[in-house]
Every structure is written in C-alpha cells, then in structure tokens.
Amino acid sequence: MADPVFRRKYSVTCRRSLRHSAKKPDRSEAVLDVKQLEALQAVACAGSLTRAAEILDVTPLAVCQQLAKLEEEFGQPVLQPYGRTIRLTRAALLFSQEILSDASSSSDECENFQRSHTGGLTLAAFPAAMRGLIPHVAQAMAKKQSGLRLRIREQESGQSLPLLDSKELDVAVIQDWVNRPLPLPSSLRAELILEDVADLALPAHHALAGRDTIEIAEVADESWIGRTPDPVSHDWLTDALHVHIHRPRIAHLAAEYPSQLALVQVGLGIALLPRLGRDVVPAGLRIIPITLAPTRRIYAAYHRDLGQRLPVRATLTALRDAPPASAWRPHLRRAQDPMDD
C-alpha cells in the first residue's frame, strides 16, 4: 500500500499530465488509482512486465490488468510489443517521466521506488563461475540485500545472451577467450570482472612434471583432453594449439574439470584448465603455469535498459567485490611427492 505522500503526488500529477496527454478532453480531471500508477512506474523503472511484477510482488497478469485500466483513463495504449516481451509506449514513457518530474531525477526516483518494494533478480553463470564465483556473490548479496529474491541458474554463456536480450535474465556471468571473443548484441552491456589464466595439467610421472613453467609449444603435439565441443571452451584450445601444430590431437572430450583431471590422472592425455572453478586437484597430478598463458575474460552482462535497476547494480557490485583472480592459484605439487600440498 502506497503512503499518503505518494498518493497525493501521483493524483495531482495525473490530472496535470492527462490534461496535456490524453486524447479525450472529458478525462482531463481523471484521478487514477494509485495501483495503476505504481504499475506504470514499476514497468518504467524495471524495463519489463516480469521485472515490474517482481518489484511489486504481484503476478505479471496483475500488472497488465492495472495497465489496462490505466489505458482506459489515459485514452491511448500504454503497452507495445518489444521482441518477445512488452514495453511502455512513447506516450506512456513521457507520462511516467512527468510523474517523476517532482523528484530530483528519474534515476533517483526509480531507486527510491525499487528500494521500497521487494524485488527479484535472476542470475545465470557458466559452470566454472557457478562453482568458483557465484557462491561468494550470493553470500555477499544475502548480507547486503536482505529483501532481494535471488534466483540462480547454471548455463553456458552462449545460452545466456538471447535470454539477456529478451530480459528473461537480469545478469549473466559469461566468458570468452582473448583469442576467441564472444560476440555481444548491441542491446547488452558487459563489464569485465576478472581475467582467468589457464594452467597445464600433467600426470605426476610426465617427463616435464618437474618444471616450474612450460611453454605451450613444448607440449603442443601431445594427446589432449579437451572440453565437450561448444563455441567457447573447446574452440579456444584448438585455436591456441593451431599456432604451434597444424593438427592438434584432441584425444578425449569431457564437459567438467573433474572429469578432465581424472583422465589426465590415469595418463590418457594432458589438459589446459583455467583456475576459476577448478576446485581440488586430485593426487597424482601436477599443475604447472604456462608461459604466456591463454587467458579467458569473465564478464557480467546485462541489458542496457536494466542497468539502473537496484538489484542489477547490487549484483554488479557483488561481482566486482568477489575474491580476486589470484585466489584461484595453481595447486603446485612436486612430481616425486604428488600428495604434498
């Protein structure tokens, strides 16, 4: 329920705005229900019906119903199709800006509005970030954003981009490699969170297992354990090896780091594995830094229209404040004592 100040401000603003904006002059003194105005402001601030419903803690249908009533008083449509979603018409946006005109800025008013309502946010991340980054972020947000309903889903970067574009996701942690950048739609923005280098995983009995560093050219013609093919994590490895050998020998494919390490452990090949989300390295392996190591970049991506939402901004802050990349250092072990940490 809105407070009296909220109700008075919107009632006065409605009468003033409708006098200039509505098509039907006999509606110029209409007093709109505050729930209709809350629905309008929520959509204007959130950028979508779904997010507006989360802010108001109602269903998207309830928001639509309030906006349909608003259309009756407004005298013209307030919603229009936008890709797979719906957004406010230009007239409705102008109306919402006039509603906010008494505030110091629309941005500040949106912030105040969102702070006063329970909100929700859907965060996606690729598997390694889900293990190595998201738990820290979720814990930090639980402490600082107690009213936020955080929903987390694991999915690959390429799957997240169209969902961000349609605003079905609020924020996604995505990755690309320096030698294979990920194309980003113009509707999205991406902020660099960290750079994550890859290290070489060798069996402890390998001839180079006693080295402190290795150049990738020295092992390019070995049998490799690669990742199950996808546009990011598999192709970057073949690209990196193509520089040194025409046809790299990708002997086996496995989706998860533990599976790749298990294959390396029994001598079926070697692997290049990033540090983020690598987890515990089992005994019998050596993890050795690569000279001029391949580097992947970890981004927080979001739709440009949603960049000012408080939950989105809080998530970006939590991601930036997460433990630095140096927290994921290689687990160095001596070849003669693979159990030594």
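User: Where does K167 lie?
Analyst: This is a predicted model, in which local features need pLDDT of at least 70, side-chain atom pairs count only at pLDDT 80 or more, and totals for chains, interfaces and linings use all residues. Residues are numbered from 1 along each chain as its sequence is written, and side-chain values use heavy atoms, with hydrogens and water left out. Helices (H or I, at least four residues) and strands (E, at least two) are DSSP runs numbered from the N terminus. On that assignment, K167 is placed in the loop between α9 (157–165) and β5.

User: Is K167 buried or exposed?
Analyst: The phi of K167 is near 65 degrees, a positive value in a residue other than glycine. Buried means under 20% relative accessible area, exposed over 50%, and partly exposed in between (1.4 Å probe, protein chains only). Because its relative accessibility is 3%, K167 counts as buried.

User: Is L292 buried or exposed?
Analyst: L292 also has a positive phi for a residue other than glycine, near 50 degrees, and sits in the loop between β11 (285–291) and β12 (295–303). With a relative accessibility of 81%, L292 counts as exposed.

User: How many of the eight residues of helix α3 are buried?
Analyst: The buried residues of α3 are L49, R51, A52, A53, E54, I55 and L56. Helix α3 (residues 49–56) is therefore largely enclosed by the rest of the structure, the number of its eight residues that are buried being seven.

User: Which residue just after α3 takes a positive phi?
Analyst: The backbone just beyond the helix is the place to look. There, a phi of about 60 degrees is found just after α3, and the residue that takes it is D57.

User: At roughly what angle do the axes of α3 and α4 cross?
Analyst: Two packed helices are described by the angle between their axes and the distance between the axes. Axes are lines fitted to C-alpha atoms, for helices over the stretch in contact, and angles run from 0 to 180 degrees between N-to-C directions. The axes of α3 and α4 come within 8 Å of each other, and their crossing angle is roughly 100 degrees.

User: How are α2 and α4 oriented to each other?
Analyst: The axes of α2 (residues 34–46) and α4 (residues 60–74) come within 8 Å and cross at roughly 110 degrees. Angles under 35 degrees count as roughly parallel, over 145 as roughly antiparallel, 65 to 115 as roughly perpendicular and the rest as oblique. The two helices, α2 and α4, are therefore roughly perpendicular.

User: How many charged residues are in the contact of α2 with α4?
Analyst: Helix α2 contributes K35, Q36, A39, L40 and V43, and α4 contributes V63, Q66, L67, K69 and L70. These residues divide into six nonpolar and two polar, with the charged residues numbering two.

User: Which residues does T315 contact beyond four places in sequence?
Analyst: T315 lies in helix α12 and, at 0% relative accessibility, counts as buried. Leaving aside neighbours within four places in sequence, T315 is in contact with L121, L123, M141 and V171.

Note on methods: Contact = heavy atoms within 4.5 Å. Nonpolar A, V, L, I, M, F, W, Y, C, P; charged D, E, K, R; others polar.
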